[in-house]
Amino acid sequence: MPLLDLGEVQLNWREDGDPSGRPLVLLHALGADLTLWDRVVPLLPQTMRILRLDMRGHGGSSVPPGPYAMGALIRDAERAMEQWGARDAVVAGLSIGGLIAQGLAVKRLDLVRALVLSNTATKIATPAVWAERIATIEAGGMDAIAQPVIERWFPRAARSGPDATAWRDRLMHCNPAGYAGAAAAIGGTDFLTPSSGLRLPALVIAGSEDGSTPPDLVRELAELIPGARFALLRRTGHVPPVDAPEAWAAAVTDFLAGIGEAPVPHAHDHDHAHHGPGCCGHDH
């Protein structure tokens, strides 16, 4: 697909599912790209129009000079959705993607009908932590941070497995200027006050072994949004679409069915998804 040309940035994107279906927009994590969603896209309702993009500085998108402001990342998603004609969408974001999703919902309720906020919070770490990580990259490149990031992303038992190895390689190939630019955006973001004003259907997902956004931090976000549903995925870390795709997709599909965006899953599918390996527990 041709890149979305937004002027100062060009964004790589992909569309799956039904082109005439209701839009579901997926926003990936720092250091990742739209392939983060490869395993869950086939498991999500194919009646929906599933849209995903590479954040500026990541994947196949262009790399404007940093540092990036969170407002610019939100505006990128906003303008992409406008170009797609994706209004009244369900927006799902993971980690920094979840921050962007929150900011987008605060800014443009006409674009966002519901949120899936996965492995994220209103504020992730501290400005000092992000400044230190940016300095580490500037001194030693992506190699200097790749292994610690993988240790926060994956449960201990999975850190030497093929997924962790593949994503460590992916991180090594992430553009350091793009990563540092987006890291600066996270360091400058605290959405506690704006997100506490959100009034829309929301599913908030945590991984029990997440070293970046631990479950208690994610639960605090769920408690800020009245009526939000909280799902804890067992035995998974910061990137459950990679290491627990069936459980992540089942939680999201249940949520979509509950808000009328997808057919109600068959009882057999539901049972398999929630009581098999990596099952999730719901807390309403």
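**Briefing: fold, core and helix packing**

Buried residues make up 56% of the 284 residues in the protein chain, and the model described here is a predicted one. The chain's secondary structure comes to 11 helices and 10 strands. A compact globule with 284 residues would have a radius of gyration near 19 Å, and the 17 Å of the protein chain agrees with that.

**Overall dimensions and contacts**

- Along its principal axes, the C-alpha trace of the protein chain spans about 55 × 40 × 35 Å.
- Of the contacts in the protein chain with a separation of 6 or more, 76% are accounted for by residues 24 or more positions apart.

**Nonpolar core**

- The largest nonpolar core has 99 residues, and those with the most contacts inside it are Trp84, Val91, Leu115 and Tyr179.
- Not counting residues up to four places away in sequence, Val91 touches Val25, Leu27, Met81, Ala101, Leu104, Val112, Ala114, Leu115 and Val116; one of these, Leu115, is also among the residues with the most contacts inside the largest core.

**Packing of α3 with α6**

- Helix α3 (residues 127-140) and helix α6 (residues 176-187) pack with their axes 9 Å apart and at an angle of about 170 degrees, which means that α3 is roughly antiparallel to α6.
- On the α3 side the contact is made by Pro127, Trp130, Arg133, Ile134 and Ile137, while α6 brings Pro176, Tyr179, Ala180, Ala183, Ala184, Ile186 and Gly187.
- The residues of this contact of α3 with α6 divide into 10 nonpolar, 1 polar and 1 charged.

**Packing of α1 with α2**

- The axes of α1 and α2 cross at roughly 70 degrees and come within 9 Å, so that α1 is roughly perpendicular to α2.
- Met70, Leu73, Ile74, Arg75, Ala77, Glu78 and Met81 of α1 make the contact with Ile96, Leu99, Ile100, Gly103, Leu104 and Lys107 of α2.
- By class, the contact of α1 with α2 has 9 nonpolar, 1 polar and 3 charged residues.

**Asp76 in α1**

- Asp76 has its place in helix α1 (residues 70-84), and it counts as buried because its relative accessibility is 5%, against a cut-off of under 20%.
- Leaving out residues up to four places away in sequence, Asp76 touches Leu6, Glu8, Val9, Leu11 and Arg56.

**Two buried loop residues**

- Leu111 lies in the loop between α2 (96-107) and β7 (112-118), where it is buried with a relative accessible area of 0%.
- Apart from its neighbours within four places in sequence, Leu111 is in contact with Glu78, Met81, Ala86, Arg87, Asp88, Ala89 and Leu104; among them, Glu78, Met81 and Leu104 also take part in the contact of α1 with α2.
- The C-alpha atoms of Leu111 and Val149, which are 38 residues apart along the chain, are separated by 32 Å.
- Val41 is in the loop between β4 (23-27) and β5 (49-53), and with a relative accessible area of 5% it is buried.
- Val41 touches Asp16, Leu26, Gln46, Ile50 and Arg52, again not counting residues up to four places away in sequence.
- The C-alpha atom of Val41 is separated by 8.4 Å from that of Gly17, with the two residues 24 apart along the chain.

Technical notes:
Residues numbered from 1 in each chain as written. Predicted model: local features only at pLDDT ≥ 70, side-chain atom pairs only at ≥ 80, totals over all residues. Heavy atoms only, no water. Axes fitted to C-alpha atoms, helices over the stretch in contact; angles between N-to-C directions. Helix = DSSP H or I, 4+ residues; strand = E, 2+ residues; numbered from the N terminus. Parallel < 35°, antiparallel > 145°, perpendicular 65-115°, else oblique. Contact = heavy atoms within 4.5 Å. Nonpolar A, V, L, I, M, F, W, Y, C, P; charged D, E, K, R; others polar. Core = buried A, V, L, I, M, F, W, Y, C linked by side-chain atoms within 4.5 Å. Buried < 20%, exposed > 50% of the residue type's maximum accessible area, 1.4 Å probe, protein only. Rg over C-alpha atoms; globule rule 2.2 N^0.38 Å.
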